[in-house]
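Hi everyone, thanks for having me. Could you bring the sequence and the 3D view up on the screen, so that we can walk through them together?

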Amino acid sequence: MNKGISFTQAFFTLLKRDLKIAIRHKGDIFNPLLFFILVVTLFPLGIGPEPQVLTRVAPGIIWVAALLASMLSLERLFKADFADGSLEQMLLSPQPLSLMVLAKVLAHWLLTGVPLILVAPLLAVLLHLEANSYGALMATLALGTPVLSLLGAIGVALTVGLRKGGVLLSLLILPLYIPVLIFATSAIDAAGLNLPYSGHLAIIGAMLVGSLILAPFAIGASLRVSTN
Amino acid sequence: MWKWLHSYADPQKAYKLSGTLLPWFATLAFLFIGVGSIWGLLFAPVDYQQGDSYRIIFIHVPAASMSMSAYMAMATSAFIGLVWQIKSADWAAAAIAPIGAVVTFIALITGAAWGKPMWGTWWVWDARLTSELVLLFLYLGVISLYASFEDKVLAARAAGILAIVGVINIPIIKYSVEWWNSLHQPATIKITEKSSMAPEMLYPLLINILGFGLMIGAITLIRFRAEILARNGMRPWVRELAKAEGVK
Amino acid sequence: MVEEKTATTLVSADNLTCIREERILFDELSFDIQAGEIVQIEGPNGAGKTSLLRILAGLSRPYAGEAKYKGTDITRCRDEYNDDLLYLGHLAGVKSELTAEENLNFNLRISGYDDFETNQILAKVNLSGFEEALAGHLSAGQHRRTALARLWHTNCKVWLLDEPFTAIDKKGVEELEHLFLQHAQNGGCVIMTTHQDMSIIGDDILRKIRLDYRFI
């Protein structure tokens, strides 16, 4: 018997398994996406259809909706694994826990974050987003949604063992999402005014790097508490 | 250093130590807050611009400055608990959280009460007000996470991790809110911190800040002792203590 | 003699205390488990058998005391210990959305093995012909066997098994008992909880650790 699996292979084994399960369970992919679209549609109904008003608030609406959709979809990140004992096996596997956690978050982001980025331009059309802002919208979503997934996963890991997760989860992670929201929306605003926004992107990128390095440890430590 | 710390990891010793410290903290807190408040509210000179309404700073500023310090204390305690696996430190962190939340709330309320006569509105999306509000949310997150676990030993560990994550994020949140504020803030409203404050105003303020710190320390000690007793109810030393006090 | 003993001690409990929801499950529990031992933790429901196994696996943290692997606190040698530990809980991480074969394949690969034939291993637990069946469609016994299949392809010395015989028929139990004996002879140890009587592993081989229900 030969233990010849490298860390990279273990990472992709877990990634592939999670993708396979999600594909056999399609609701998990489409429900957050539908939620995202629905929330965005509600705003014009609430605020009124004037294009000038919508143009002004479009970046904020899209990003707040993305925040909420990301949070809702994350709730299921560790739930099934916790319920069937896979999470314990993951904690006890000889592979580094932060690597396993990263694979799970990546799988989750591929399944929920990427569709959200792809559908965002469509919603931007509905909200009359400034024509110059599309690039910034896509760029901030591409850099920002992984940060949301990583930070959110900490909250999910802390609450996975609890019966009442939902509302508590929002209280735990929404405050942590504030910086991403601020820099992403102002990048889009700046782009709308034809101002440079690479500085904003750099800051969101820095947040991404920071959370890529630190969040897996926090998620791992939280999972150890939750499975206790 | 760590050997010394570890000897207080034992709940019984931590209970005794906090019992010795408590009267000192409590007495000094009463003294400082008493002197600072009476001096500030009755004897400090009237501000030539704001009249008597400025006197709320003797409550507002200490509360605001201690709200952040209490979070730091909570996170430090949680960090010690996480790294050296000391349960007493986790409990101390859990004991600080509600006090910090109340202090933050006081800072927000007194800020609003001050804002009404000064700016004519209860709330402005000022950078400091906004980050104080976010700080309150962070505290509430820690408190409700702690409340959600049935097993309080686990609850304290989970809340501790959240406190540490929060403390890493506080500077980022603060910076981003300030930056956001400088973009959106209309120039008409501005909190002008006077560059030089008359010493007759400054001294009572400093005394009150110190007093607030001591008061938070004292209440934390009371809560910490209660926490130790609640977590160790089945230990022989707690039972003996209860017997000596004549409970049951 | 003493040296020889410490050299083969795999897992030990050092003054373990476990408190759950303000109730003491066990207090200052100590024991050493040597290579070659098969140990049954017995006691009534609620006595803390599962809690003890989870502490020994490093999943739960004891209120006081240490669980040790080869004399070192398991929180200090987690990587080394996880490499030598096979823990199967009540629920052993079988995904209903995956087939029996995919489940076994994943579990073995994540444990680090890359040289196995899933078909051969599944045949050993009488799951031939069910390789392509989704685990969610299998019976309780087959589901359990899918999890247990890992025991046939492992070089971990320490086996911690929580109720391994649940939903397994008589013949299956005997096969598992043979496997346990073989594992013990090869220098491993088995620590398990079970309510079922074993027919092959007799009382002369089996070591029992008893936990009693405590009311305070």
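Let's start with what covers the buried residues of helix H1 of chain A: the cover includes helix H6 (97–126) of chain A, together with helix H4 (100–110) of chain C. Please keep in mind throughout that this is a predicted model.

So which residues of H1(A) are buried? They are A:Ala10, A:Thr13, A:Leu14, A:Arg17 and A:Asp18. These residues cover an arc of only 125° around the axis, and therefore they sit on the same side of H1(A). As for its length, H1(A) runs over residues 7–23, which makes 17 residues. From the first C-alpha to the last, H1(A) reaches 24 Å, close to the 24 Å expected at 1.5 Å a residue.

Next, the inside. The largest nonpolar core has 203 residues, and those that touch the most other members are A:Ile62, B:Ala93, B:Ala159 and C:Ile191. Which helix gives this core its largest share? That is helix H8 of chain A, residues 166–192, with 16 residues. Chain C takes part through two domains: domain 1 (1–84 + 157–216) and domain 2 (97–155) both give residues to the core, so the core lies between them.

Let's zoom in on B:Ala93 for a moment. If we leave aside neighbours within four places in sequence, B:Ala93 is in contact with several residues, among them B:Met74, B:Ser77, B:Ala156 and B:Ala159.

Back to the two domains of chain C. Their C-alpha centres lie 24 Å apart. The contact takes six residues from domain 1 of chain C and five residues from domain 2 of chain C. On the domain 1 side, we have four nonpolar residues, one polar and one charged.

Last stop: where chain B meets chain A. Here 23 residues of chain B are in contact with 20 residues of chain A. On the chain B side, helix H5 (127–148) and helix H6 (152–184) each supply at least two residues. The largest share of that side, 13 residues, comes from H6(B). And what kinds of residue make up the side of chain B that touches chain A? By class, we find 17 nonpolar, five polar and one charged.

That's my tour, and I'm happy to go back to any part of it on the screen.

Conventions:
Residues numbered from 1 in each chain as written. Chains lettered and ligands numbered in written order. Predicted model: local features only at pLDDT ≥ 70, side-chain atom pairs only at ≥ 80, totals over all residues. Core = buried A, V, L, I, M, F, W, Y, C linked by C-beta atoms within 7 Å. Buried ≥ 20, exposed ≤ 12 C-beta atoms within 10 Å, placed from the backbone. Helix = DSSP H or I, 4+ residues; strand = E, 2+ residues; numbered from the N terminus. Domains from an automatic or database assignment. Contact = placed C-beta atoms within 7 Å. Nonpolar A, V, L, I, M, F, W, Y, C, P; charged D, E, K, R; others polar. Expected span 1.5 Å × (residues − 1). Arc of directions from axis to C-beta.
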